[in-house]
Amino acid sequence: MTFTALVTERREDGGIANTVTHLEESALPEGNVLVGVEWAGFNYKDGLVLAGQGGLVRHYPHIGGVDFAGRVIESSDHRYHPGQAVVLTGWRVGEWHWGGFATRARVNADWLVPLPKKLSTRDAMVLGTAGLTAMLAVNRLKAEGVSPAGGPILVTGAGGGVGSISTLLLARLGYKVDAMSGRPELAGPLKALGATDVVGRDVLAPSGKKLLPTRWAGAIDSVGGAPLGELLKQINPGGCVASVGLAAGDSWDASVVPFILRGVTLAGIDSVMQPFAARVSAWDRLTSLFSPAVYHSMVREVSLAELPEIGNAILKGAIRGRVVCKPGA
Ligand SMILES: NC(=O)c1ccc[n+]([C@@H]2O[C@H](COP(=O)([O-])OP(=O)(O)OC[C@H]3O[C@@H](n4cnc5c(N)ncnc54)[C@H](OP(=O)(O)O)[C@@H]3O)[C@@H](O)[C@H]2O)c1
């Protein structure tokens with residue numbers, strides 16, 4: 001039996017080659033569940049992998065794709081049976097282990113969760129790692145006491161996957177959302193997701209100050225870097241910033257002043273190593289809050305062959321919402 005995959009190889013000159021090809025099923029890595037991949041998502045990390053950046057891949061040739069949804073073909077694990085719909089996010093799949101940019105994936109059962117009944121495999125990947133991460137960030141804000149009554153929430157990188165889904169989820173839960181985007185043309189689509197206001201990246205421009213007037217009760221931050229430093233200075237006393245990503249960088253010139261004078265919390269979110277029960281619970285909540293119809297205009301479907309180009313776009317911050325791929329198309 002053969003399957004189709006986008007195979008990433010490191011060339012002798014150090015460059016990277018991404019080629020759609022057919023492989024024998026026996027080439028798949030070890031694992032106790034064989035899945036027929038119906039849809040794969042596309043994430044920032046996938047862009048790094050297809051460009052050979054970030055040091056994420058251990059061995060070549062490699063198959064990327066950090067999340068996918070599909071149906072079980074074979075399983076030697078009692079929790080999964082042939083035909084069952086499943087979803088996979090994280091656990092270094094698509095980095096250390098072959099991932100979802102293929103019609104077949106063989107994985108460890110512990111990395112899967114059963115697909116919630118009300119969700120199609122396509123919508124599971126419209127959400128994907130971005131949706132799971134957004135849900136974990138929203139849950140964390142609530143756990144830290146940030147309520148809709150406390151004031152607006154800033155979502156940075158709102159035009160991207162995590163940011164746009166965070167905007168939708170927060171709005172559904174009754175929060176006022178200021179969606180920050182460097183793309184003014186996304187103001188309409190972001191308001192359609194439920195953003196109260198759309199603001200430019202200038203709200204987090206360098207200020208040279210240790211504190212600024214307070215503006216937000218909390219934030220979900222996909223961009224990190226210097227903008228995160230400016231964000232912390234504008235959070236209400238007792239507020240919380242859920243730090244999710246590093247689209248603008250992984251470090252900034254930090255000060256403890258927002259923490260010790262305003263009691264601000266900086267909460268880290270890691271979607272990759274979430275245990276089974278936490279993933280099941282987050283997927284259930286996502287299923288009840290997410291509206292595929294409302295999010296429709298933020299989704300693009302592409303083929304395996306188009307993924308390298310999508311990878312270049314995501315690294316430039318130029319992807320709108322979510323990209324999903326049907327490897328068998
Ligand atoms: N912690 C976790 O478990 C986890 C899970 C998933 C993703 N992530 C990380 O979260 C981040 C977002 O992921 P994603 O999938 O949503 O990526 P994405 O779709 O590319 O979204 C990132 C968005 O950030 C904004 N942006 C890009 N470059 C920027 C810059 N230099 N300054 C300010 N804003 C910039 C852009 O939005 P606008 O054009 O609208 O401003 C862009 O669309 C990535 O760093 C990713 O690695 C972490």
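Where does P61 lie? P61 is in the loop between helix 1 (44-50) and strand 4 (62-63), where helices (H or I, at least four residues) and strands (E, at least two) are DSSP runs, numbered from the N terminus. A cis peptide bond, with omega at about -5°, joins Y60 and P61. Before going on, keep in mind that this is a predicted model: local features need pLDDT of at least 70, side-chain atom pairs count only at pLDDT 80 or more, and totals for chains, interfaces and linings use all residues. Residues are numbered from 1 along each chain as its sequence is written.

Now for the overall layout. The domain assignment gives domain 1 (2-115 + 297-325) and domain 2 (129-268); such bounds come from an automatic or database domain assignment. The C-alpha centres of domain 1 and domain 2 lie 29 Å apart. Their contact takes 14 residues from domain 1 and 11 residues from domain 2; two residues are in contact if their C-beta atoms, placed from the backbone, lie within 7 Å. On the domain 1 side, that makes four nonpolar, seven polar and three charged residues. Here Ala, Val, Leu, Ile, Met, Phe, Trp, Tyr, Cys and Pro count as nonpolar, Asp, Glu, Lys and Arg as charged, and the others, Gly among them, as polar.

Strand 4 takes us into a sheet. Three strands form an open, antiparallel sheet in the order 2-1-4, and two strands pair if DSSP finds at least two bridges between them. Strand 2 (16-24) and strand 4 are the edge strands, each pairing on one side only. Strand 1 (residues 2-10) pairs with strand 2 over nine bridges, and T4 stands opposite H22 there.

W91 has a positive phi of about 55° although it is not a glycine. R92, in that loop between strand 6 and strand 7 too, has a positive phi of about 65°. Most residues other than glycine have a negative phi. W91 is partly exposed, with 19 other C-beta atoms within 10 Å, and R92 is partly exposed with 14. By definition, a residue is buried if 20 or more other C-beta atoms lie within 10 Å of its own, exposed if 12 or fewer, and partly exposed in between, with C-beta atoms placed from the backbone.

There's another open sheet to find, with six strands paired in parallel in the order 11-10-9-12-13-14. Strand 11 (197-199) and strand 14 (265-268) stand at the edges with a single partner strand each, so one side of each has no neighbour in the sheet. The twist averages 20° from one strand to the next; axes are lines fitted to C-alpha atoms, for helices over the stretch in contact, and angles run from 0 to 180 degrees between N-to-C directions. Strand 9 (residues 153-155) pairs with strand 10 (residues 177-180) over three bridges, L154 having D178 as its bridge partner. Helix 3 (residues 161-172) lies across strand 9, strand 10 and strand 12 (216-221), at about 155° to strand 9.

Finally, the inside. The largest nonpolar core has 97 residues, and V86, F101, A137, I153 and V155 touch the most other members. Such a core is a set of buried Ala, Val, Leu, Ile, Met, Phe, Trp, Tyr and Cys residues joined through C-beta atoms within 7 Å. Helix 2 (residues 121-143) gives the largest share, 12 residues, and each of domain 1 and domain 2 supplies at least three.
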